[in-house]
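Trainee: Could you take me closely through one part of this model, the strands and the cross-links around them, in a single connected account?

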Amino acid sequence: NPTGAPTKAPTASPTTSSPTKFPTVSPTKSPTKAPTPAPTRPPTPAPTKGAIEIQLESISGEGVFDNPRSPQSIARNVLLREGLGDRGQFDDRTLERYAAAVFYFSTGGDDFWYQCFRGHTYCSGQWLSGNVCSWNFISCNGDGFITSIVINSDNGLRGSIPMEIWSLKSLEVLEIVDNPTMSGPLPTKFGETATNMVLMRIENSGLTGAIPNGFLSNSPVEFLYLSRNRLSGQIPNSFGLLTSLNELTLHRNTLTGAVPPPVCTLRGSGPSDLQVLTVDCNEVSCSCCTACY
């Protein structure tokens, strides 16, 4: 038999004849709180250069420390690790130490030098250790300023002579001989600013490019040996201004042209005259040379 009648009456029909078309409450017209105000402090400015970096850029040029692997950056970091910049700046002797360290790293000291590189056990004058005046190849005056750098045999140097040596104001002698794996030009700024140079000997050491006009014109240079390199261009007229010059050797290069007349006027037999003058006479015309190659 079928089940009995339902126990509850059916659910009543909806009270509203049609669905609601709109929400019963209007949306909020505007936020209840104002937007967060702009920051009360300006953004933090970019970091400024320290006094030490400004000092060193006055020697090496602006932006030189942008490359963290440059010889200048490495030299600066070595000095800072030694605690030499604790007072916020370097003194004059430390600036010379910086220039010497740049020379070391620019010529491959850590990687290519045969003798007296950093950490070389069998060299009592290893570079970057102790007083710069104790480094092998370097001599100083009584005030502790560098007067000579003499590397007169192959020590595996590579790279080029850095411009920073211009800051060695007391430098009188610079000798780099028989390091043919070097390259690059004569440092122009050094040639313009050197005032004490007496002897410069860079032979068989890969020099390239032209001899800058005015090179060593402000120095009492007596001996200038630049033979057996790859120098090109012409001999500058400004060599005629080197009135203290006693010996000038320029052979075994790729120089051209003629020896300038002002240089020939320096020739003579007196102790203060130019007594030795050599060039490659097949490439350079010379009426006053003492020897041709």
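Mentor: In this predicted model, strand β7 (residues 230–234) and strand β9 (residues 254–258) are paired in the parallel sense over three bridges, and glutamine 234 has threonine 256 in β9 as its bridge partner. Both strands belong to an open sheet of four strands, which has the order β5-β7-β9-β11 and parallel pairing. At its edges stand β5 (208–210) and β11 (284–285), each with a single partner strand, so one side of each is left without a neighbour in the sheet.

An open sheet of eight strands, with mixed pairing, has the order β1-β2-β3-β4-β6-β8-β10-β12; its edge strands are β1 (138–140) and β12 (291–292), each of which pairs on one side only. Strand β10 (residues 276–279) runs parallel to β12 and is joined to it by two bridges, with threonine 278 standing opposite alanine 291 in β12.

Cysteine 288 counts as buried because its relative accessibility is 13%, under the 20% cut-off. Another disulfide joins cysteine 281 to cysteine 292, at 1.8 Å from S to S; cysteine 281 is in the loop between β10 and β11, and cysteine 292 is in strand β12, 11 residues apart. The torsion about the S-S bond of cysteine 281 and cysteine 292 is about -65°, so that disulfide is left-handed.

Notes
Residues numbered from 1 in each chain as written. Predicted model: local features only at pLDDT ≥ 70, side-chain atom pairs only at ≥ 80, totals over all residues. Heavy atoms only, no water. Pairing = 2+ DSSP bridges. Buried < 20%, exposed > 50% of the residue type's maximum accessible area, 1.4 Å probe, protein only. Disulfide = S-S within 2.5 Å.
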